[in-house]
Amino acid sequence: MRHAAKIATLPDLPEEVRAVILEVTGRLKDSPGALLPVLHGIQDALGHVPEDAIALIAREMNLSRADVHGVVSFYHYFRSEPAGRRVIQVCRAESCQAMGAVTLEQHIKRRLGIDFHQTTADGAYTLEPVYCLGQCACSPAIMIDDEPRGRMTPERFDAWLDAETI
Amino acid sequence: MSVTIHVPRDASASALGADSVAHEIAAEAARRDIELNLVRNGSRGLFWLEPMVEVTTPAGRVAYGPVQKRDVASLFDAGFLEGGRHPLALGLTEDIGFLKNQQRLTFARVGIVDPRSLDDYLAHRGYRGLQAALKLDGASIVQAITDSGLRGRGGAAFPAGIKWKTCHDAQATQKYIVCNADEGDSGTYSDRMLMEGDPFTLVEGMTIAGIAVGATQGYIYLRAEYPHARHALEAAIATATTAGYLGDNVAGSGKVFRLEVRMAGGAYICGEETSLLESLEGKRGQVRFKPPLPAIHGLFGKPTVINNVITLATVPVILDKGAAHYRDFGMGRSRGTLPIQLAGNVKRPGLVERAFGLSLRELVEDYGGGTATGRPIRAMQVGGPLGAYIPAAQMDVQVDYEAFAAIGGMLGHGGIVVFDDTVDMAAQARYAMEFCAIESCGKCTPCRIGSTRGVEVIDRMMAGDRLERERNELLLRDLCDTMIAGSLCALGGMAPFPVLSALDHFHEDFEASPAANAAAS
């Protein structure tokens, strides 16, 4: 019979990733129901929750790897790969649909040359769908990082993108 | 004396350029050597006029909007600091028709006060509800909520007083108050507006709830998509704690109540109360079986009151002005007011808080002004992505929980999304199933599998000939029946409503595919 400890050997992690995980878990692990705050803390610091880090998070939280993997993969917000420098979320929900979100979505995909959940080859932009940003009074809406933009049109998107790339 | 200017910090106002307007006003004032008191308020909810700038004059607050950065210099030239004339001038804010004819109880302070200022909150009847509550015992506070007729504003419309009483009567060493701030329904933004524009009201409402049922810890479970609301809430909690309104001795009463904001993970299902509790416990947001009820066996297995933002934010006014004052608004079993949100293809999108009883037509046509595109209204989806599509012919339905249920709809969280006559209702029905498939928690089969099959059946319907369409419509209706009857929670149980309403009221959209139409023409 193999020892559990052997199966649970931790993968090697870059020192910086390891330090972040130990800092965040050390700070938050004793608060009730800490796993989501911990994952937010790690993603805030690293930009994503690396697949290889799950074993260490699990050990520090006294959970199984399956528990942590299950939670990371359940929530749309957590990503296991690094995002581009800017994350563009395009709302696909009904209020934005009523104001031309489908056309806007197609335009943005064509302009960036990527589909949802992808990052441009130069690592500049990641495109994500979102189901309501609470900006339904100024549909269609997108969010660039933490900044919502309302009454978005293909022309206004292009103007923003052109200003970005200068 | 310096002039006071209000420029909203509301996320939608920001999305329309309010931050650069505020910056430009400050810069222009500095260039002209004018001293200004620039306040970043919440939004009044007149979003077609955002960014709306208000100037405090001896006659009252005067509004200008929608203001863009390039308009700022001309506003100064026109003497807007004294309420001067300008093409963007709207007159006294309180006299704008959209606002004047409202009955704002829950939203009484939103857009008026500085959301970062406790002093401003106190100057506008803030914490009077708590002061009144502290003179009562827990059971009497619960009784006041029951007497007010307040029902859960998140969508399910369950009487808040009954929830509170169940939790109050439960014996436990620890109880919790949880605020459901996972506002994910498209067309709704009242929670966001309130949290950004008057966060102390939510803090006060939760504190009263805690004192009423004997809970010492509260959590606000907030959407990851709402960073502005997070900043507002965290600032309010820190200020209230420093001022002694939260912590070990709430307002000198010796009572304990602590509050924490927890960020969600972008899962729609976590707006369902038992999924939300699972998520707060650090798990996958999967729906729990009920019973046991959360009021008895809730967060970490302890008795928990879980209410939506608007429900909890309405508690202070009920305690301040009395249950009877609140109950006197409304009709039938829908008492008080409902903050309604006009969204989608509407000329004047915004927040309308009115007593229950006005018609959908008054809201969409009188307040909303019809469609933004100027085309005829064809459908309205009320109550979020799980709400039925209501045809223009049924616009005279009254805003009332029971009246909506009678036509197969639901009021839900009070969001109304308007569509003009270019909408393809078969595509909307397909989207309802697609959304359910993306957001299903996976626990029960009718929702997890049914939604995916639903998309496929609609696709086959639209691709096939008449016989194929009829066969698949039978199948689709049968599938909807299974989902409604067999799903564990409202996601799978209600996702068929938009689908069935599209089939029932807009059947012509399912009768010929666009490809067939193109071939025929």
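Which residues is Leu222(B) in contact with, once its neighbours within four places in sequence are left aside?

**View 1. The surroundings of Leu222(B) in this predicted model.** Leaving out those neighbours within four places in sequence, Leu222(B) is in contact with Ala181(B), Ala229(B), Arg230(B) and Leu233(B), plus a run of Val261(B), Arg262(B), Met263(B) and Ala264(B).

**View 2. The largest nonpolar core.** Here we've zoomed in on a core of 210 residues, and Leu222(B) turns up again among the members that touch the most others.

**View 3. Where chain A meets chain B.** On the chain A side, 35 residues are in contact with 45 residues of chain B. Helices H3 (35-46), H5 (65-74) and H6 (94-97) and strand S5 (147-149) of chain A each put at least two residues into that side. H3(A) has the largest share, with 4 residues. By type, the side of chain A that touches chain B splits into 22 nonpolar, 9 polar and 4 charged residues.

**View 4. H7(B) crossing H13(B).** The axes of H7 (residues 138-148) and H13 (residues 309-321) of chain B come within 10 Å and cross at roughly 100 degrees. That angle falls in the 65 to 115 range, so H7(B) and H13(B) count as roughly perpendicular to each other. H7(B) makes the contact through Ala144(B), Ile145(B) and Ser148(B), while H13(B) brings Val315(B), Ile318(B) and Leu319(B). That's 5 nonpolar residues, 1 polar and no charged ones.

Key:
Residues numbered from 1 in each chain as written. Chains lettered and ligands numbered in written order. Predicted model: local features only at pLDDT ≥ 70, side-chain atom pairs only at ≥ 80, totals over all residues. Core = buried A, V, L, I, M, F, W, Y, C linked by C-beta atoms within 7 Å. Buried ≥ 20, exposed ≤ 12 C-beta atoms within 10 Å, placed from the backbone. Contact = placed C-beta atoms within 7 Å. Nonpolar A, V, L, I, M, F, W, Y, C, P; charged D, E, K, R; others polar. Axes fitted to C-alpha atoms, helices over the stretch in contact; angles between N-to-C directions. Parallel < 35°, antiparallel > 145°, perpendicular 65-115°, else oblique.
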